[in-house]
Structures are given as C-alpha cells and as structure tokens.
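Subject: Structure handover

Hi,

Here is the structure I promised to pass on. Please open it first; my notes follow below.

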Amino acid sequence: MCSSDLWRSRSLVTGALVMFGATGILVGTFFLNSLYLQDVAGASPLRAGLEFLPLVAVIGLGAHLTPHLLPRAGSRVLAAAGLLLMAGGALLLSGVSAHAGYLTGLLPGLLVIGAGTGLVFPAASVTAMSDVPSDRAGLASGLMTAAHEIGAALGVAVFAAVATAADGGWFAAGYRHGFTVVAAVAAGLALAAALALPAVRPAPGARVAVH
C-alpha cells in the first residue's frame with residue numbers, strides 16, 4: 001500500500017473523521033466551561049482546573065473499559081453510543097443558567113461527555129488502524145494525531161464563535177446556545193458513525209490505543 005492508498009481506506013478515513021469531531025467537541029467543552037467557571041462562577045484558575053478532574057477521570061475509566069467491550073460490541077456501536085452520550089451531555093449543559101452551581105449544574109453534563117469520550121477515542125483508533133499494514137502504521141498514526149490536533153483547534157474556534165455570536169450575552173444565551181450546537185453536532189456525528197464506520201472487533205486482549 002502506497003501513501004496515497006491510505007486515503008482510500010474507509011476505516012482510516014472514517015476513524016480519523018470521528019476522532020476529529022469528537023476531539024473538537026471535547027476541547028470545545030473544556031474551553032467554554034473554563035470561561036464559565038472563572039467568569040461566572042468566580043472560580044480561580046486552580047479551582048477551575050480541579051473541577052475538570054472528574055471529567056478526566058471518567059474519560060480514563062471509559063478508555064480502560066472500552067478495550068474489553070470492543071470484541072463483543074464492535075467499534076461502530078461503541079463510537080455511535082459514545083457520540084450519543086456526548087450529545088446528551090452537551091444537551092444537559094445547554095440548560096445551565098448563569099446561577100447554576102457546579103455540582104448540580106455543570107458536573108452531570110461533564111461526566112456524561114467524559115463517558116462518551118472514553119468510548120469514542122479507542123473505538124475510532126481501532127477502526128482507523130484496522131486495515132493499515134505494519135509498514136504504513138506510522139503514517140496512519142500521524143494522520144490520526146493530525147485529526148486530533150486540528151479537531152481540537154477548530155472545536156475551540158467554532159464553538160466559541162457560536163457562543164459569542166448569540167444574542168443576550170455570553171453566559172445568559174451564548175453559553176447555552178453554544179452547547180445546543182455542540183449537542184446537534186455530536187448527534188449528527190453519531191448518526192454518521194452508525195451509517196459509515198466499519199464494525200471492527202479486535203481479538204480479546206489486543207492492545208488498544210486511545211489515539
């Protein structure tokens with residue numbers, strides 16, 4: 001397989017696109033909530049960082065459990081389910097008001113998004129690398145990393161632009177509007193993954209990378 005042939009690999013292209021979209025949603029979530037916690041809730045940068053720890057912990061737990069689920073459920077089901085969870089978490093955050101507390105306002109949505117991310121990242125990685133020969137694994141891995149990094153940058157830019165463009169002020173309407181769009185994007189990606197992502201089932205015990 002030559003380098004150009006990699007772009008004809010359905011598993012690699014669709015896996016990279018799922019990684020691209022899921023990373024944009026996750027990093028956009030970090031960015032918007034960093035601003036909410038510091039500008040609305042009055043949290044210090046240190047406290048805001050600590051309040052993201054439950055989200056990070058749930059992502060890690062999901063990424064640990066997903067390799068055990070992949071041989072049974074397959075990457076398509078897990079990626080679509082994870083994206084639906086991310087959509088649900090964003091929908092929860094779209095209802096957060098300027099006076100919502102962290103535990104009852106932000107935390108439930110963050111945890112649901114984290115659970116979805118923990119499913120999506122390993123599923124996308126396994127799908128993308130499933131048909132790549134060993135002599136092209138480094139190039140394919142580089143493409144996945146590029147999708148990850150570009151998705152992060154665009155997620156911040158796009159969702160921040162949507163939030164700041166809304167009428168009624170950043171946190172009264174903009175924050176909620178931003179996460180309504182995030183939820184719609186995640187739901188659309190879930191549908192695309194269900195329709196287009198190959199169903200890959202690695203052998204039990206096979207090593208699975210997050211990205």
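Let me begin with helix 5, residues 102-129. With 28 residues at 1.5 Å each, helix 5 should span 40 Å. The C-alpha atoms at its ends lie 38 Å apart, which agrees. Most of helix 5 is covered, with 21 of its 28 residues buried.

Helix 4 (residues 75-93) passes the length check too. Its 19 residues should span 27 Å at 1.5 Å a residue, and its end C-alpha atoms are 27 Å apart. The buried residues in helix 4 include Leu78, Gly82, Leu83, Met86, Ala90 and Leu93. For reading such a list, note that an α-helix has 3.6 residues a turn, so residues three or four places apart point the same way.

Confidence next. The protein chain has a mean pLDDT of 88. Of its residues, 89% reach 70 or more. Helix 4 has the highest confidence, at a mean of 97. Helix 7 (residues 170-196) has the lowest, at 88. As a reminder, where pLDDT is low, the predicted coordinates should not be read in detail.

Two residues deserve a look.

Phe179 sits in helix 7. Its relative accessible area is 0%, so Phe179 is buried. What does Phe179 touch, beyond residues up to four places away in sequence? Its partners are Thr29, Leu32, Asn33, Ala90, Leu93 and Ser94. Two of these, Ala90 and Leu93, are themselves buried residues of helix 4.

Thr14 belongs to helix 1, residues 10-40. Is Thr14 buried or exposed? Its relative accessibility is 14%; the cut-off for buried is under 20%, so Thr14 counts as buried. Setting aside neighbours within four places in sequence, Thr14 is in contact with Thr127, Ala196, Leu197 and Pro198.

Last, a helix pair. Two packed helices are described by the angle between their axes and the distance between the axes. For helix 1 and helix 6 (residues 137-165), the axes come within 6 Å. They cross at roughly 40 degrees, and the two helices are therefore oblique to each other. The crossing of helix 1 past helix 6 is right-handed.

Best wishes

Technical notes: Residues numbered from 1 in each chain as written. Predicted model: local features only at pLDDT ≥ 70, side-chain atom pairs only at ≥ 80, totals over all residues. Heavy atoms only, no water. Helix = DSSP H or I, 4+ residues; strand = E, 2+ residues; numbered from the N terminus. Expected span 1.5 Å × (residues − 1). Buried < 20%, exposed > 50% of the residue type's maximum accessible area, 1.4 Å probe, protein only. Contact = heavy atoms within 4.5 Å. pLDDT = per-residue confidence, 0-100. Axes fitted to C-alpha atoms, helices over the stretch in contact; angles between N-to-C directions. Parallel < 35°, antiparallel > 145°, perpendicular 65-115°, else oblique. Left-handed = near helix turned anticlockwise from the far one by under 90°.
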